[in-house]
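Welcome, and please open your viewer. We will go from one selection to the next, and at each stop you can look at what is there.

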Amino acid sequence: MRRRKLFSIVAAAALLVGIAAGCKKEDDSDTIKIGGLAPLTGDVSQYGIAVNNAVKMAVKEINDNGGILGKQIEYICLDEKGDPDEAVKAYRKLVENEKIVALLGDVTSKPTEAVAQKAKLDNMPMITASGTAESITLVGENVFRACFIDPYQGQLMASYASKKLGAKTAAILYDTSDTYSTGIADAFEDAAKDLGMTITDKEGYTEGNTDFSSQLTKIRASNPDVLMLPVYYSDVALIAVQAKNQGITSKLLGADGWDGVLNQIAESDADAIANAYFCSQYSASSDDPDLQAFLSEYKETYNLEANMFAVLGYDTMYILANAIEKAGSTDSDAIINALKETNYDGLTGTTTFDENRNPVRQAVITSFDGYSYKVVENYSMD
Amino acid sequence: MEFIEQVLNGLGQGSIFALVALGYSMVYGIVQLINFAHGDIIMVGGYTAFVTFITFGMPLWLAVIISILVCAAVGLIIERVAYHRLIVHNAARISLLITALGVSIFLQNLFMLIFGAEPKHISTLFPMETIKLGNTELSSNTILNIVVSVIMMIGLQLLVNKTKIGKAMQASSEDAGAAKLMGINTNQVVAFTFMVGSALAAVGAILYCNTYSQIKPTMGNFLGLKAFVAAVLGGIGSIPGAMLGGYIIGIADSLTKAYVSSTLNDAVVFGILILMLSVKPTGIMGGDRREKV
């Protein structure tokens with residue numbers, strides 16, 4: 001009996017010490033902690049790894065140039081495997097254990113939105129490099145993004161198909177279980193109809209399916225001018241090759257999820273995407289010296305080709321660092337206000353934010369030339 | 001015309017389900033084990049084809065043979081290492097089932113460690129022109145899948161009915177105890193069954209790679225599950241039943257996508273399973289066994 005009592009006193013004391021330690025203010029730390037969330041393993045790891053690599057490069061450069069507010073940036077990135085639940089858990093870890101002042105993340109739309117819901121409650125300044133679902137920044141005033149939103153890309157591609165490719169009919173094949181895909185598909189459909197195009201088919205599929213022959217047979221029967229595939233690169237590769245095997249000759253259209261598709265398609269199947277156009281946010285063949293310097297340094301550091309996610313990740317870190325510098329403190333509201341006034345000239349062009357904290361910028365239309373990407377032109381809807 | 005094409009689309013993917021379903025069915029027939037690791041054997045076959053054909057650039061025929069041999073070997077190893085002792089000691093069937101799930105998770109994670117979780121692309125193995133019949137265009141892969149699966153089933157039927165080991169398999173399936181008393185080495189029969197089932201899965205893997213040109217460590221999950229539905233539908237333990245089940249599931253999947261809703265296909269496939277289990281649990285061609293799954 002006595003022993004047990006003693007034990008509970010000790011346990012209670014230990015608990016109190018623990019709470020006290022947890023409450024300790026860390027204002028006097030000599031680094032500025034910025035949290036990162038990215039899928040470093042799993043199906044969409046290609047995106048997460050690219051963003052994370054580029055952010056680390058930006059952090060190193062900023063720190064080598066004296067850091068921000070006279071302190072060094074400490075960037076702590078956790079792997080969330082592309083899963084919303086894992087992302088929220090990782091976010092809690094960053095806030096509670098690491099006491100981050102701002103969050104750069106997440107990478108794909110679903111986990112980013114889940115984290116945004118939590119970040120809003122903490123008033124945590126948050127900027128995603130690549131989360132494209134429109135709803136993400138609508139969660140709260142503290143949430144920003146550096147990439148285009150899904151509906152914007154859908155509208156842009158509809159406009160491009162109608163005005164530049166002269167398309168009169170279009171079909172859509174999209175992943176109904178993914179907000180990125182449905183966001184673009186719906187916006188494309190609406191915009192295409194407004195432009196006087198006919199949507200011959202709007203076919204869906206759910207995650208995990210690899211056979212698209214039934215949908216493609218239907219689409220082939222109506223022989224549309226363009227086939228919009230607002231899905232991620234690994235599904236793009238699957239669908240494009242099956243479409244080729246079915247004898248579909250429509251021009252394929254896509255959004256920025258296509259970036260990286262050449263890593264998923266064999267050279268002998270490259271003719272499947274010979275007649276495809278997708279919008280992205282920068283062009284690797286631009287003559288901008290900063291961009292070229294970044295691309296070659298990235299390749300040198302990681303022995304990988306930098307993709308759009310890397311470029312966006314790099315710009316995002318600079319946007320965030322500039323905002324903290326301008327805010328003059330690590331106070332959440334100060335950082336959020338500074339982010340709103342961003343006017344940053346980076347690798348993707350000049351970025352400002354609109355009233356929903358989405359970037360305002362031109363898009364690049366990319367196509368393919370054999371087994372490599374080919375920039376067609378810069379395009380904006382108006 | 002489109003209807004016929006959609007049926008053929010269904011038969012094309014159904015052929016792959018059927019080849020995987022054969023493995024489920026054969027193993028169940030002999031040891032009453034639902035080998036949930038069987039779907040992952042397809043994945044092993046896919047990666048073997050990838051390594052031999054793409055990484056080492058071997059000729060296609062050699063890549064196919066090596067994939068079949070590797071899968072048969074993996075099937076044998078799994079049987080020896082994971083199931084053998086349980087089977088010999090007549091362990092509860094639930095223990096076997098859980099072991100099978102464990103093997104499945106182990107294989108997936110092993111391949112994720114070796115090759116990474118990122119999908120790998122594999123170029124079309126048998127590049128062929130689209131076949132034109134009037135105004136109908138047929139993916140030649142579809143025809144290839146159907147032809148290969150039918151040949152495999154006929155081969156398997158001959159093996160089971162005409163050879164000594166095949167008859168031993170039938171005997172062991174009928175009554176393992178009695179077969180043993182008649183001098184049949186049932187251990188050997190079990191090992192052989194696993195090897196044949198896995199070799200068929202390798203053929204399925206080759207067709208899968210050729211049709212979808214993409215492999216990933218978790219590709220066996222969904223495929224295995226649908227093939228399992230096919231095996232149960234056709235009557236688990238029955239070879240023609242597994243084939244029939246595979247085709248029916250493939251066609252149901254395809255027609256649902258084409259004429260009902262392109263996102264309801266999984267609901268329909270698993271709905272068929274539930275319906276079948278409540279109406280005739282032994283499946284379309286299943287015998288009147290008294291054991292229950």
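**Stop 1: where the two chains meet**

Across the interface of chain B and chain A there are 18 residue pairs in polar contact, counting pairs with both residues at pLDDT 80 or more. That cut-off applies because you are looking at a predicted model.

Now select the side of chain B that touches chain A. Which elements of chain B each supply at least two residues here? They are helix 1, strand 1 (120–121), helix 8 (186–212), helix 9 (219–234), helix 10 (239–260) and helix 11 (265–279). Helix 1 of chain B gives the most, with five residues.

Next, show both partners together. In this contact, 32 residues of chain B meet 37 residues of chain A. The size of an interface is often given as the accessible area lost when the parts come together. For chain B and chain A the buried area is about 2,700 Å², and carbon and sulfur atoms give 39% of it.

**Stop 2: a salt bridge**

How many salt bridges are counted between chain B and chain A? The count is two. To see a salt bridge between the chains, select A:Arg220 and B:Glu5, whose closest N and O atoms are 2.3 Å apart.

**Stop 3: B:Gln13**

Stay with chain B and pick B:Gln13, which sits in helix 1 (residues 2–31). Is B:Gln13 buried or exposed? B:Gln13 counts as buried because its relative accessible area is 5%, and the cut-off for buried is under 20%. Show what B:Gln13 touches, leaving out residues up to four places away in sequence: A:Asp211 from chain A, along with B:Tyr212, B:Gly250, B:Asp253, B:Ser254 and B:Lys257.

**Stop 4: the two domains of chain A**

Domain 1 covers 31–148 + 287–362, while domain 2 covers 151–280. The contact between them takes 15 residues from domain 1 of chain A and 16 residues from domain 2 of chain A. The centres of these domains, taken over C-alpha atoms, are 29 Å apart.

Together, domain 1 and domain 2 of chain A bury about 1,400 Å², with 53% of it on carbon and sulfur atoms. Between these domains of chain A you will find zero salt bridges, but four residue pairs in polar contact (both at pLDDT 80 or more).

Definitions and conventions:
Residues numbered from 1 in each chain as written. Chains lettered and ligands numbered in written order. Predicted model: local features only at pLDDT ≥ 70, side-chain atom pairs only at ≥ 80, totals over all residues. Heavy atoms only, no water. Helix = DSSP H or I, 4+ residues; strand = E, 2+ residues; numbered from the N terminus. Buried < 20%, exposed > 50% of the residue type's maximum accessible area, 1.4 Å probe, protein only. Contact = heavy atoms within 4.5 Å. Domains from an automatic or database assignment. Buried area = accessible area lost by both parts, 1.4 Å probe. Salt bridge = Lys/Arg side-chain N within 4 Å of Asp/Glu carboxyl O. Polar contact = N/O pair within 3.5 Å; in protein donor to acceptor, adjacent residues only side chain to side chain.
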